[in-house]
Amino acid sequence: MATLDSKIPSGPLADKWRKHKVDIKLVNPANKRKYEVIVVGAGLAGSSAASSLADMGYKVKCFVFHDSPRRAHSIAAQGGINAAKNYQNDGDSVYRLFYDTIKGGDYRAREANVHRLAEVSANIIDQCVAQGVPFAREYGGLLANRSFGGAQVSRTFYARGQTGQQLLLGAYSALSRTVGQGLVELHTNSEMLDLVVVNGHAKGVIIRDLVTGAITRHTADAVILATGGYGNVFNLSTYARQSNATAIWRAYKRGACMANPCYTQIHPTCIPVSGDYQSKLTLMSESLRNDGRIWAPKKKDDAKKDPNTISEADRDYFLERLYPSFGNLAPRDIASRAAKRVCDEGRGAGASGLGVYLDFSDAIRRLGENGVRERYGNLFDIYHEITAESGYKTPMRIYPAVHYTMGGLWVDYNLMSNVPGLFVLGEANFSDHGANRLGASALMQGLADGYFVIPYTVGDYLAGQKAGSRPSIDAAEFKAAEENVTGMSKRFLGTKGKQPVSHFHKRLGKIMWDHCGMARTKEGLESALQKLPALREEFHATVNVPGSGDTLNQSLEQAGRVADFIELGELMCRDALTREESCGGHFREEHQYPDGECKRDDEKYGHVAAWEFQGLDKAPVRNVEALNYEFVKMSVRNYK
Amino acid sequence: MTLRVWRQAGPKALGQFKDYAAKDLNSNMSFLEMLDVVNDELTLKGEVPIAFAHDCREGICGTCSLTINGKPHGPGKGIATCQTYMRSFHDGDIIVVEPFRAAAFPLIKDLVVDRTSFDKIMQAGGFITARAGSAPEANAAPVPKGVSDLAMDAAQCIGCGACVAACKNASAMLFVSAKVGHLGLLPQGQAERDRRVLAMVHTMDEEGFGNCTNQYECSAACPKTISHDFIARMNRDYLGATLRSAFQPEAASSDGGGA
């Protein structure tokens, strides 16, 4: 059994972080350069962590599988970033951001972590503006805001529909500066394939150079994973095609606990699936719900009609009807399920019947087409490219799709996993969003972790490690990890089966979407747990990975990632099966109120489930970290 | 349809065009999804699939980089390769697919090129130095909306390299000027404005990119339709910075030397 000590500081909520920063140990400036830190991943969390630690004086090595750090999938976040600046004078505060996030997460996140996130949110905006992030501004030159789901204040900062891009380019510019200064050693096209644990501490990684195929060992005093989420388990998602779980999954197999893997976010507004060749789903930003209204035909007979011919009286603005106080800005899990229910009733739009309308005609009447274009033009363009339809003329068709994973590696308040020396940041960890993430909070968390949390907490760990004590890459543990990696590649290349990797990824995605998607049942999950081990065996017996391991080989890269996805999918189903309640993105049909809302069981499941690997053919151990709510009362989430 | 694809096993191998039949296509399929299907067929036949760079598939990460029928990112205006759909082509077409070709983008394999040179330019000066923790209050310095919007126009660059591939000189002026323009327009970017443009232009030259001869193929190919006006802006900045750096007195000690 792993020990899960959350290390939450004592004292009043608002003082915890301040007090903790005073209490934790420091490494003096001259000693910092004696410590080497490995950062894997260069999205918002990874880039901001690598550059911040380098600026402080640590020696940093950063590994990213992309050809450039600027390609990480943080780049695709559209809508915005939350911060408790209260520039709108509308009643926002650190406490309100904290409260909205805790409630939005359906009371399944840690209070202390979320409060810290809300506290540093304002610093993030300052930091990004100083770096030159061109946030939207008002005519007076001050920063503009918009609204996002799950909040009744306007606290979201944005850069057109490309906020993630601009924030990532800001973090990338800081990383580039530190690389140029020689403070960070950057390795692109470098994929982490194993974690090296020496005497119980994370002390290095095994890397494959994706261009040359070379496998190398890298030692360090601490390892930071900032490798993003695992939504591509579903094959079709809004993730980038290459986003993967390999780094966190291999760390899991080395002893790091995986927390709440079943918490997946299904985003309500994505462009619906059009065919089985499809490789990805595209998000239509939540920000569109500021001005767009979501509806479905009241009558089943209208479902196939041209939406413009359906009269106002025959339209059901179901979010406004069901959740009058939040309306179209109901949180994502709630809006997604509402859309699913409408489609299940047979009122869904489009050829597949899996779609509802996102309608801008009211907004166009109010703001003019140009007004709408100024706010969301690039999103309308994306919609047009994909569907060949104009969102200005006809309501957009949207349907929920996998978008984010709240689960991830378990970390304590210092963002350190149960494997000492292994830190996990951003979407890769589980800590801040509970069972559902609010819009515009992912960017906030990634940058909070990298700029304002890890710079403090990594020092607390390193101060306890003797400078220069990191192991040599000749240590037995490095050798074993390298052999593990080369063995896997050999096996994939040697199978010479009949099916391409994509075949298995599609089948995995279908099993997961059917049984571990928006609505889950005991029977469904149990059947998935039968199908997945069989799929895993079939994959290893019949996959075809052409080419060799000593050159750029995209099939080989994909094989390793899909192998991990299949295993992780199994753990997700297991987690979903054992969590006998509904909360946030995890909806068990057995546990709902008569109106279809989530029925939590705080008594039995007011905890984090952190799974511990025991070997592939053994059931993992389910460890529990109780969630002690000291300041907020767990209550039924109400957006009505 | 017939695909005529550039195949090259490695940087030193000889490359050649190879024809592949693409069947059973759907007009709603993206160009990259069509390549996925072709690759799965090649795999089943025991052949090595076509290597091509891609990731987000929504036009923002800048990874995809195909020259389709001679045009970087294909026939559409203001979109990336991944946003090109099969409805842009016709039955029976021969589609020629090549990598982004430029001396500063050496080929890795098939359709994948190495764009590290862009990162090097960014590392030389594409930033505003602002350590975490040192930033002033965000609303302390107002930025006129027009200036901020113009900076955003430039900041949208996705770093794909289509501008270079489209230019007969393989010049990176649009890429560099977009970053110089973005940061140089903002009040926060003034302290390093001269250093930035000098360092970035110097590195651009060092990395082997060509010069600009004002034909604007770059902005025509740019998936974010970034204007070549930024090139003019950078030229002016560069000239000013060169003059100032020649005549500006330098402090005797730049290292502070405090207690």
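Of the 259 residues of chain B, 52% count as buried, where buried stands for 20 or more other C-beta atoms within 10 Å of a residue's own, exposed for 12 or fewer and partly exposed for anything in between, with C-beta atoms placed from the backbone. This is a predicted model, in which local features need pLDDT of at least 70 and side-chain atom pairs count only at pLDDT 80 or more, while totals for chains, interfaces and linings use all residues. Residues are numbered from 1 along each chain as its sequence is written, and chains are lettered from A and ligands numbered from 1 in the order in which they are written.

**Chain B as a whole**

The C-alpha trace of chain B spans about 70 × 40 × 40 Å along its principal axes. Its secondary structure comes to 8 helices and 7 strands; helices (H or I, at least four residues) and strands (E, at least two) are DSSP runs, numbered from the N terminus. Among contacts in chain B between residues at least 6 apart in sequence, 70% join residues at least 24 apart. Here a contact is a pair of residues whose C-beta atoms, placed from the backbone, lie within 7 Å.

**Where the chains meet**

Between the chains, 65 residues of chain A are in contact with 68 residues of chain B. Several helices of chain A supply at least two residues each to this side, among them α3 (44-56), α6 (163-180) and α15 (554-578). Which helix gives the largest share of the side of chain A that touches chain B? That is α6(A), with 9 residues. The chain A side as a whole has 25 nonpolar, 28 polar and 12 charged residues.

From chain B, let us look at helix α1 (residues 31-44). The 14 residues of α1(B) reach 20 Å from first C-alpha to last, close to the 20 Å expected at 1.5 Å a residue, where the expected span is 1.5 Å times one less than the number of residues. Its buried residues include B:F31, B:L32, B:M34 and B:L35. The buried residues of α1(B) pack against α13 and α15 of chain A. Just after α1(B), B:G46 takes a positive phi of about 85 degrees.

**A helix pair in chain A**

Helix α13 (residues 501-516) and helix α14 (residues 522-542) of chain A pack at an angle of about 170 degrees, with their axes 9 Å apart. Axes are lines fitted to C-alpha atoms, for helices over the stretch in contact, and angles run from 0 to 180 degrees between N-to-C directions. The angle makes α13(A) roughly antiparallel to α14(A); angles over 145 degrees count as roughly antiparallel, under 35 as roughly parallel, 65 to 115 as roughly perpendicular and the rest as oblique. Among the residues in this contact are A:F504, A:L508 and A:I511 of α13(A) and A:L525, A:L532 and A:F539 of α14(A). The contact residues divide into 9 nonpolar, 3 polar and 3 charged.

**Single residues worth a click**

A:N235 has a positive phi of about 65 degrees although it is not a glycine. A:N235 lies in the loop between β9 (222-225) and α7 (246-252) of chain A, and counts as buried because it has 26 C-beta neighbours inside 10 Å.

B:A170, also not a glycine, has a positive phi near 50 degrees. B:A170 lies in the loop between α4 (162-166) and α5 (173-185) of chain B, and its 20 C-beta neighbours inside 10 Å make it buried.

A:G450 lies in helix α11 of chain A and is buried, with 32 other C-beta atoms within 10 Å. Not counting residues up to four places away in sequence, A:G450 touches residues including A:L44, A:A45, A:G46 and A:L425.

Technical notes. Two residues are in contact if their C-beta atoms, placed from the backbone, lie within 7 Å. Ala, Val, Leu, Ile, Met, Phe, Trp, Tyr, Cys and Pro count as nonpolar, Asp, Glu, Lys and Arg as charged, and the others, Gly among them, as polar.
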